[in-house]
Amino acid sequence: MSHMVIIMPLPLPGSKCSSLIAAPLCVALLVSVFNATAWCAEKAGVADAIKRSQAYLLKQPKFGPEGTLACYALIKSGIDKQHPDVLKQVQEIVAKCRTDGYQPSHHYNYEAGVDAMLLEAVDPVAYKPQLQLIASFLVARQLPCGGWFYPSDERGRRNEGDTSITQYAVLGLWAASRAGVEVPIEVWEKTAQWLIQFQCPDGGFAYHPSEGRISTITMTAAGTGTLLIIRRELFNHGELADPSRPGPAPATRRFGVLERVVDEPKPDVPKVKTNPTLSKSSLEKTIKDGVQWSGNHFGERTDWVTYYYYGIERVAALANVEKIGTHDWYDEGATELLKRQLPDGSWADNAKAVPATSLAILFLTKATSTILPKPKTRPALVGGGLLVGGRGLPYYLNALQVK
């Protein structure tokens, strides 16, 4: 049964144009109701899609990096971290972490990246030793150019690098860093410099820089998202102090009473690089150009749909934007993915069913947003609930009620 709500405008005392004012308000209310209904229906559709994809993944056998990615997606979509499938996959990863270091299978850097992501998501404290081994493996595998590549071609392409593999290596290092593993600052800088150097002239990124440097939507999302992670690692605390302009000397006493206690430096601690030398302006420009290219080419055809949208989700979350270019990235991406979901709850594109379904879940659940702390907001000084200088008080104060 459908219902129609008719809202009649109430006349305002002493006003001859009350209906002219109230009528648009009624229309606005009706539009808001319909928009809210559409939004609720869309939200319900996404929730149902996630539920069906969870059921699909839970039925699938899980092993290797595909199983790791599936468990990571399940956790991000709300499955208990102590689920037997998750614990089994974690034990498989722990078994690769031996006294002689982390020993992945033939998937190599991709595998190291997703393994680190799952361990950090399950328990960053308990699995910090394993995360340290994975991070050490990835740091050792970084090419002199700053990127990462397939193991069989590492020696032949020392100055090449692969944008996709580099993306997952950085995702793994970022997971380790969040768990408190110290990643050398030079690793982040070398990767950023490689991406800045090989960014395509149009602002996008290519799969392999030497192969024509043709921008693609998947690689541009990968390259831009990687740079956004690096920006966060290098400049997370805002602008660095200019060493050529020393600030005022710190006071030794506060209020004439409290005295600062300075610990003596430990002579046995080696000096490490603590401040980046990378130009922040060049990093910002490269990111800006990458985001702009992504907006201009948003949603173009690709055979790697789920891979692409998970890359876009990371870009949007790390850049803290609701739109990429003129596109509502989540609304358009969710609409496209829901159209492509198969009856059994899975997705299928150039990635196999389990990885494709996992990547789709990571987009729909906004997985990267769950990693990032909520942005701090400043309280509104006016219009935030305070009456300043009588502003907003009723004309007749005898009608004022205090609650």
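Colleague: How much accessible surface does the protein have, and what share of that surface belongs to carbon and sulfur atoms?
Modeller: The model is a predicted one. Its accessible surface comes to about 23,600 Å². The part that belongs to carbon and sulfur atoms is 58%.

Colleague: What percentage of the residues count as buried?
Modeller: The cut-off for buried is under 20% relative accessible area. Of the 403 residues in the protein, the share that counts as buried is 42%.

Colleague: How many helices and how many strands does the protein have, and what share of the contacts between residues at least 6 apart joins residues at least 24 apart?
Modeller: There are 13 helices and 6 strands. Taking contacts between residues at least 6 apart in sequence, the share that joins residues at least 24 apart is 70%.

Colleague: Is α2 mostly covered or mostly open, and how many of its residues are buried?
Modeller: The helix is mostly covered. Among its buried residues are G64, P65, L69, Y72 and I75.

Colleague: Which residue with a positive phi follows α2?
Modeller: The phi of this residue is near 110°, and the residue is G78.

Colleague: Which residues touch the most other members of the largest nonpolar core?
Modeller: In soluble globular proteins, nonpolar side chains tend to be buried together. The largest nonpolar core here has 99 residues. The three are I134, W188 and L364.

Colleague: Is T302 buried or exposed, and what is its relative accessible area?
Modeller: T302 lies in the loop between α9 (280-296) and α10 (305-319). Leaving aside neighbours within four places in sequence, T302 is in contact with I217, T218 and Y308. Buried means under 20%, so T302 counts as buried, with a relative accessible area of 17%.

Colleague: Which residue has its backbone nitrogen 3.1 Å from a polar atom of the T302 side chain?
Modeller: The distance lies within the 3.5 Å limit for a polar contact. The backbone nitrogen belongs to W304.

Colleague: What is the C-alpha separation of G299 and E336?
Modeller: G299 lies in the loop between α9 and α10 and counts as partly exposed at 41% relative accessibility. Beyond four places in sequence, G299 is in contact with Y308 and Y309. G299 and E336 are 37 residues apart along the chain, and their C-alpha atoms are separated by 8.9 Å.

Colleague: How many aromatic pairs are there?
Modeller: Rings pair if their centres lie within 6.5 Å. By this rule the count is 13.

Colleague: What kind of aromatic pair do Y308 and Y309 form?
Modeller: Both residues are buried. Their ring centres are 4.9 Å apart and their planes are at 55°, and the pair is tilted.

Colleague: What kind of pair do W329 and Y330 form, and why?
Modeller: W329 is buried at 5% relative accessible area, and Y330 is buried at 15%. Their ring centres are 5.6 Å apart. Planes over 60 degrees apart count as edge-to-face. The planes here are at 85°, so the pair is edge-to-face.

Conventions:
Residues numbered from 1 in each chain as written. Predicted model: local features only at pLDDT ≥ 70, side-chain atom pairs only at ≥ 80, totals over all residues. Heavy atoms only, no water. Helix = DSSP H or I, 4+ residues; strand = E, 2+ residues; numbered from the N terminus. Buried < 20%, exposed > 50% of the residue type's maximum accessible area, 1.4 Å probe, protein only. Contact = heavy atoms within 4.5 Å. Areas by Shrake-Rupley, 256 points an atom, 1.4 Å probe, with all protein chains shown as cover. Polar contact = N/O pair within 3.5 Å; in protein donor to acceptor, adjacent residues only side chain to side chain. Core = buried A, V, L, I, M, F, W, Y, C linked by side-chain atoms within 4.5 Å. Phe/Tyr/Trp six-rings, centres within 6.5 Å; stacked < 30°, edge-to-face > 60°.
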